[in-house]
Amino acid sequence: MNQLLKNVIPKTGQQVTRLGFGSYRISKPNHAEALTAAIEGGINIIDTGNNFENGSSEILIGNTLDSLIKKKKISRESITLVTKSGYLGINDVKSFENNQDDYIQLSEKMFHSISPRVIESQIQTSLKRLKTDKIDIFMINSPERMLMAKNKRYTSSRLYKDLSESFRYLDSLVSQGIISGYGVCSNTMAFPTAADHVSLSNIIQSCQNPSNLVAIQVPFNLYEREAIIATTNDYKVKTVAEIAKENGIYVMTNRPLNAIANGQVRVLVNHELGKETAEQMIMSKMQTSFGRVAELESDIMSELPIEEEALTSKFVWGQVLSENLARLAQNHFATRHYLTNQVLPELEKDLKDLQNYAKYQLDGSSSDGLSAYEQWIEKYKTCVYDLTNSIVDYAYIDTLRKNNELDRILNALCPSLNQLPEDGYAHSPLSIKLLRLLLSHHNHVGTVFTGMRDPLYVKDALFAAQQRPIDQEDLDDIWQCPIFN
């Protein structure tokens, strides 16, 4: 196996691999296997966050590293740990209720803070979870979210003032050796016209001790390249990566395979699902689910009295989903989010209403009638859940179809990308190509973090990191292709 190439973080001197282990949605035993495989494959920089999986991501990383250290397979000094603070849940803000100026509310259950008091609390929690006495790079996560407060007015000028205060606190942690340096992770840093834009230049000006501002983290993928690659002919406008390089700030990137394209999340994978057989099975299962749901909806309509129109009108989910199937099939990620966060919670409310109606109407009557309603409710709930799962699978098939076409386009634009591991198998050939594309920008990108929740993902990513960079001419052909603009 070829040794992974490394870069040096200018202000700390740490040598880190150009491919990093991204830990969003990391919490299960097979994720620990993937992390172990990545470290054994040479990866020595790990990115996580205090809020990732409600803390389970940091706990898994801490336990895995602790086990490897005790087995003397690695040393703590050989691993660079990056974690973040910013997002808070309801339970997180309870301890700050007497200091409500420390955070803003984003939604009913989500809050955000860049306050030193909150940062102090979350760093202490992160240190315990990660089983370490030092964080190599601590990042303030998405400070732009402060500009989207629901419960108070929060201005850009106040944001930079508050960042300056937070940086001063972090400077004290650097002096104590609790962190080696700090940085900012932002999704809007490269978009000056965005309502929630944060400026890297203003961030730097807000920092009284720039030697401690060591890194930034921004999205970089096939459809989001503004932070790294100039998209304007105005040579006076510098990219975020150029500003960072001038100031000795290490650039780390995220979301290489989860792009925001045309306002929607696009997952950039194209692994096989058994080709036509799998597609036929998914179609057959979905059609069966639609039939079962329609039959149950017909049963409840005939059972409920005509005057209960408000109640019967709730149980038309089969019809609603059928009429919107073509739209739902267009984006796997958006479909899963819509069904999970809107349709299914609404379904649960509807079933609760029906259950309350049945108990009220049949109070004191035969228990057989109530039992029949309860049996219908359970059957209907199971069938609708099966249907939504089938729709998500159907949308995923469409995503794979689109990504296979994207894979063919990249093969045509850059034939040298069409390489596979020695065993001839890749979990996602498209993902390998795109990681190689991003890793080829080594002059402006220090480390590319990618999610590796499965050993198969690790195998693909390591293979991509071991290949030589793509020639500049091929890079230009890809970025100038109209389909990616």
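Q: Which order do the strands of the open sheet of 3 strands have, and is the pairing parallel or antiparallel?

A: Two remarks on the source come before the answer. This is a predicted model, in which local features need pLDDT of at least 70 and side-chain atom pairs count only at pLDDT 80 or more, while totals for chains, interfaces and linings use all residues. Residues are numbered from 1 along each chain as its sequence is written, and side-chain values use heavy atoms, with hydrogens and water left out. In general, strands of a sheet pair through backbone hydrogen bonds, either parallel or antiparallel. Here the order is β6-β8-β7, and the pairing is antiparallel. The edge strands, each pairing on one side only, are β6 (87–88) and β7 (104–105). Strands are DSSP runs of E with at least two residues, helices are runs of H or I with at least four, and both are numbered from the N terminus. Two strands pair if DSSP finds at least two bridges between them.

Q: How many bridges join β6 and β8?

A: β6 and β8 (residues 111–112) are joined by 2 bridges in the antiparallel sense. Leu 88 has Phe 111 of β8 opposite.

Q: How do β10 and β11 run, parallel or antiparallel?

A: β10 (residues 179–185) and β11 run parallel, with 4 bridges between them. Opposite Cys 185 stands Gln 217 of β11. As for cover, 7 of the 7 residues of β11 (residues 213–219) are buried, where buried means under 20% relative accessible area with a 1.4 Å probe and protein chains only.

Q: Why does the span of helix α1 agree with its number of residues?

A: The expected span of a helix is 1.5 Å times one less than its number of residues. Helix α1 (residues 29–40) has 12 residues and should therefore span 16 Å, and its end C-alpha atoms are 17 Å apart, which agrees.

Q: Which residues of α1 are buried, and what covers them?

A: An α-helix has 3.6 residues a turn, so residues three or four places apart point the same way. The buried residues in α1 are His 31, Ala 32, Ala 34, Leu 35, Thr 36, Ala 38 and Ile 39. Their cover includes β3 (19–22), β4 (45–47), α2 (56–70) and α15, a contact being heavy atoms within 4.5 Å. After α1 comes Gly 42, with a positive phi near 115°.

Q: What volume does the largest pocket have, and what lines it?

A: Rolling a probe the size of a water molecule over the atoms shows where empty space is left. On a 1 Å grid over the protein atoms alone, a cavity is a set of points where a 1.4 Å probe fits but cannot get out, and a pocket is an open set with protein on both sides within 12 Å along at least five of seven lines; lining residues have an atom within 4 Å of a point. The largest pocket holds about 2,200 Å³. Among its 50 lining residues, Tyr 24, Arg 25, Arg 255, Asn 258 and Phe 333 are the closest to its centre. Helix α12 gives the largest share of the lining, 6 residues.

Q: How many cavities of 30 Å³ or more are there?

A: The count is 3. The largest cavity has a volume of about 70 Å³, and its lining includes Met 189, Phe 191 and Arg 225.

Notes:
Points joined across faces, edges and corners; volume = space filled by probe spheres on them. Buried < 20%, exposed > 50% of the residue type's maximum accessible area, 1.4 Å probe, protein only.
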